[in-house]
Amino acid sequence: MKHDMRAPALFFAPFVSSAMRVEPQWIDYNGHLNMAYYHVLFDRAVDEVFSLVGLTRDYVETRHASTFAAECHILYKRELTEGDTVRITAQLIAFDDKRLHYYLEMRHANEGWLAATSENLSLHVDMVHRKVTPFPADILANIALMKAAHSMMPLPATIGRIIGMPRKSAIRVEETAEERETETVTQTRH
């Protein structure tokens, strides 16, 4: 099946999404945006950026392939509340014939502060056989153009970050029990 080659796209570095508003139903009992909806906002931005390389709903329907999320690491930096408007930037970090590694930043659209970041790995999947498969040549060419534009950007400091507690701030159970015993003894002596 022959597919028309699209004209090379112009890729901004970084890509900037359309403005998106925090909906009232997304606010949790803490009075801020529930963590699940950060994913929704990031996912909407990914749809926008992926469409630039040809990965659209039409691509899924006509070429029977899509992208699946394989890994995602979100850092929540600042609360968002009802009515806040955000924009999300995207930077393609790396790619190969079957995978995309990209980084997203969610910023308050009016004030510019960082609300969250998301580092992601997506896989290209054959939807008929439900197996990871190489991108077609035209899509891969578009991805290469995007990567060329984004390669001029510095790598984000949090890329490859591993979740964990630093040793100096980790509390061991034994220390906690000893501290409580000392406090009890001190309090009973008075």
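Glu 105 is buried at 18% relative accessibility, where buried means under 20% relative accessible area, exposed over 50% and partly exposed in between, with a 1.4 Å probe and protein chains only. Glu 105 belongs to strand β5; strands (E, at least two residues) and helices (H or I, at least four) are DSSP runs numbered from the N terminus. The side chain of Glu 105 makes polar contacts with the side chains of Tyr 103, at 2.9 Å, and Arg 107, at 3.2 Å. A polar contact is a pair of N or O atoms within 3.5 Å; within protein, one must be able to donate a hydrogen and the other to accept it, and residues adjacent in sequence count only if both atoms are side-chain atoms.

The model is predicted: local features need pLDDT of at least 70, side-chain atom pairs count only at pLDDT 80 or more, and totals for chains, interfaces and linings use all residues. Residues are numbered from 1 along each chain as its sequence is written, and side-chain values use heavy atoms, with hydrogens and water left out.

Helix α1 covers residues 35-52. At 1.5 Å a residue its 18 residues should span 26 Å, and the 27 Å between its end C-alpha atoms agrees with that; the expected span is 1.5 Å times one less than the number of residues. At the N-terminal end, Asn 34 caps α1 through a side-chain oxygen 2.9 Å from the backbone nitrogen of Ala 36. Just after α1, Gly 54 has a positive phi of about 105°. The buried residues of the helix are Tyr 38, Leu 41, Phe 42, Ala 45, Val 46, Val 49 and Phe 50. An α-helix has 3.6 residues a turn, so residues three or four places apart point the same way.

Aromatic pairs come next. Rings of Phe, Tyr and Trp (its six-membered ring) pair if their centres lie within 6.5 Å; planes under 30 degrees apart count as stacked, over 60 as edge-to-face and the rest as tilted. The count by this rule is three aromatic pairs. Tyr 38 and Tyr 76 are edge-to-face because their planes stand at 80°, with ring centres 5.0 Å apart. This pair links distant parts of the chain, from Tyr 38 in α1 to Tyr 76 in strand β3 (residues 65-76), 38 residues apart. Tyr 38 is buried at 4% relative accessible area, while Tyr 76 is partly exposed at 38%. Phe 50 and Tyr 102 are also edge-to-face, 5.4 Å centre to centre with 75° between the planes. Their pair joins α1 to β5 (residues 99-108) across 52 residues. Phe 50 is buried at 9%, and Tyr 102 at 7%.

Grid points are joined across faces, edges and corners, and a volume is the space filled by probe spheres set on the points. The largest pocket holds about 460 Å³. Of its 21 lining residues, Asp 43, Val 46, Asp 47, Phe 50 and Thr 67 lie nearest its centre. Helix α1 gives the most to this lining, with six residues. The largest cavity has a volume of about 110 Å³, and its lining includes Phe 50 and Tyr 102.

Technical notes:
1 Å grid on protein atoms, 1.4 Å probe; cavity = no way out; pocket = protein on both sides within 12 Å on 5 of 7 lines; lining within 4 Å.
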